[in-house]
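Morning, everyone. I will take one model today and go through a strand, a helix and a cavity. Please look at the structure first.

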Amino acid sequence: MGEATLDRGLIVLPQGKLVDPDTPTWNSFANSWADLPRDTWMADGGTYRRRRYAAYEVADGQCTRLPHRPHFQDRGYNPLNGGVERWFAPIEQDQPWLPMLATLIHDTAAAIARASGREPHAWSVEAHQFRIEALSGHPGLPTPEGMHRDGRDWVLILLVGGSNYAGGESRVEDADGACLLEHRLAQPGEALLLNDREVRHGTTPIEAVIPGVPAWRDTLVLTFAMIGCAEGG
C-alpha cells in the first residue's frame with residue numbers, strides 16, 4: 001500500500017503502511033489506552049484528556065528508550081500549556097507491544113528520511129498516548145491550543161481507535177495559513193506525517209454521537225527532533 005504524498009511537508013499514511021492493526025499485538029497495544037491516567041496539566045481546567053509519555057532515541061538503526069523525563073514546550077509553540085516541565089505517567093515498561101512501538105518509531109524515522117530526501121539522522125523522539133473524551137455536555141479537544149506547530153522537526157499522528165464520537169477532523173496549513181489538507185483519520189493504523197518546520201496542524205473537537213454513552217478518540221503522537229540541532233520547544 002503506497003504513501004499518498006501531497007508535498008514534502010505532508011504525507012497521508014494509509015492503514016497498514018506503518019503498522020498492521022490486524023494482529024494480536026495491535027490489540028494489546030490499542031487496549032492499553034483504556035488505562036491512561038488523566039492529564040492534570042491542562043491550563044484550561046479541562047478533564048477531557050488522558051495521557052502517557054516516553055522518550056526514545058533513534059540512532060545507527062537502533063531505537064532505545066531513555067530514562068523517564070518531563071515534557072517541555074516553549075509557550076511560543078504551546079501558549080496554553082507550554083513554558084513548564086510537565087511530568088506525565090510513563091508508558092508502562094512491561095507491555096508486550098513495546099517491541100512493536102520501537103519498530104514503529106524506527107520505521108517512521110525511515111519514512112522521514114525518504115520524505116526529506118536526506119540520509120538517515122539520529123533523532124530524539126517523544127511518544128504520547130492520548131485519549132480525548134467527550135464528556136457530558138462538554139466536547140473533547142484534541143488540540144486545545146488551536147492550530148499550532150509542536151516545535152520539533154517532524155510529527156506523526158496515528159489513529160489507534162475510538163468509540164461513539166463525531167468530529168476529530170485534522171487540518172493542515174502552510175506557513176501562510178493556506179489549507180493544505182482537511183482529513184479525518186478514520187481507520188485504526190491510519191496516520192499523518194507532518195514536517196513541523198513547514199506546516200501547522202489542528203484537530204476539531206469531538207462530541208458524543210449518542211448522548212450519555214462514553215465517547216473517546218485514541219491517538220499515538222510521535223515527535224522527532226534531530227539530534228545536534230536545537231529543539232523548538
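Four of the five residues of strand β11 are buried, so the rest of the structure largely encloses it. Buried here means under 20% relative accessible area, with a 1.4 Å probe and protein chains only. Strands are DSSP runs of E with at least two residues, helices are runs of H or I with at least four, and both are numbered from the N terminus.

A word on the source. This is a predicted model, where local features need pLDDT of at least 70, side-chain atom pairs count only at pLDDT 80 or more, and totals for chains, interfaces and linings use all residues. Residues are numbered from 1 along each chain as its sequence is written, and side-chain values use heavy atoms, leaving out hydrogens and water.

Back to β11. Strand β8, residues 170–174, runs antiparallel to β11 and is joined to it by five bridges; pairing takes at least two DSSP bridges. Asp-174 stands opposite Val-199 in β11.

Next, the helix. After α2 comes Gly-117, with a positive phi near 70°.

Last, the cavity. Its lining has 23 residues, and among those nearest the centre are Phe-130 and His-148. A lining residue has an atom within 4 Å of a cavity point, on a 1 Å grid where a 1.4 Å probe fits but cannot get out. Strand β13 gives the most to this lining, four residues.

Conventions:
1 Å grid on protein atoms, 1.4 Å probe; cavity = no way out; pocket = protein on both sides within 12 Å on 5 of 7 lines; lining within 4 Å. Buried < 20%, exposed > 50% of the residue type's maximum accessible area, 1.4 Å probe, protein only.
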